[in-house]
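The stops below go from one selection to the next.

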Amino acid sequence: MSRGKKRRVTGQEAVDQAFAAVDHTLLLDVLGVTLPEHVLKQALTHRSIANENGNLPHNERLEFLGDAVLGLSVAGSLFELHPESPESVISKMRASLVSRYGLSDIAREINLGNHILLGIGEESMGGRDRVSILADTMEAIFGAIYLEHGFHTTRDVILRLYGEKLKTASAQGINADWKTSLQERLAERGLPMATYETTSSGPDHQRHFTAIVSVQGRVLGKGEGTAKKLAEQQGAHQAYLALQDIVDWEAQPKDA
């Protein structure tokens, strides 16, 4: 007697299974809070998996809430840390810190990508490391914490995660224009301009771009995104950080 095909799980059951397949204890530990399962599940549910399974609820409402709490928390901290700075300066600092690049940096530091519930298509396109998805989910997490624990606890979580970034924030913006920042850093070290090799894949309505950033034949960064500009900015960011760790440029081997 032949076995029938394995039933493809759909609907809420698919989201529940995706959530149960990952141990979220480490995420909650690094956040330092507890969240009911249904709240955490919604915060981690990207619209791609929700739409693939019957337009289920996803995390965008929590994202909206978290964005507001994040902005106020960072603004209050910068106000206290820089008592002599004018509004124009601390406003630029805040914009940089709460940008999608600032948020995605925090998300990567806590390995949030491993916990996000994605649709099949988004998963296959590398969505777990996509700047926009990481940033939006990070905001949704802040929104979930706010609903469960209130503003003060959420602010404490945000300021702890942003601790080092708050201390080193500048009016120039830590995430302003990474291509420009990279070129300035290269010029300071007497190195030539970076080159960007950008490719794309997928149908026209859902293009996915990948940018490889090299300097003198050495690959320093790789970026991905739904637009060429986003991919190149992400790649330039990685290259900028990699360059900081290189003491002796001439001793670095060229990539094959």
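A charge sits over a ring if NZ of Lys or CZ of Arg is within 6 Å of the ring centre and within 35 degrees of the ring normal. Keep in mind that this is a predicted model.

Select Lys179 and Tyr196 to begin. Lys179 lies over the face of Tyr196, at 4.5 Å from the ring centre. A second case is found at Lys41, which is placed over the face of Phe19, 5.5 Å from the centre of that ring.

Strand E2 covers residues 208-215, and seven bridges join E2 to E1, the two running antiparallel.

Now show the whole sheet. It is open, with three strands in the order E1-E2-E3 and antiparallel pairing. Strand E1 (195-201) and strand E3 (218-225) are the edges, each pairing on one side only. On average, neighbouring strands are turned by 20 degrees against each other, direction ignored.

Next, select helix H13. H13 lies across E1, E2 and E3, and runs at about 145 degrees to E3.

Which aromatic pair does a search of the whole structure find? Select Trp178 and Tyr240: they form a tilted pair, 5.1 Å centre to centre with 55 degrees between the planes. Trp178 belongs to helix H12 (residues 178-188) and Tyr240 to helix H13 (residues 228-245), so the pair ties together parts that are 62 residues apart in sequence.

Terms used:
Residues are numbered from 1 along each chain as its sequence is written. This is a predicted model: local features need pLDDT of at least 70, side-chain atom pairs count only at pLDDT 80 or more; totals for chains, interfaces and linings use all residues. Side-chain values use heavy atoms; hydrogens and water are left out. Rings of Phe, Tyr and Trp (its six-membered ring) pair if their centres lie within 6.5 Å; planes under 30 degrees apart count as stacked, over 60 as edge-to-face and the rest as tilted. Helices (H or I, at least four residues) and strands (E, at least two) are DSSP runs, numbered from the N terminus. Two strands pair if DSSP finds at least two bridges between them. Axes are lines fitted to C-alpha atoms, for helices over the stretch in contact, and angles run from 0 to 180 degrees between N-to-C directions. Contact means heavy atoms within 4.5 Å.
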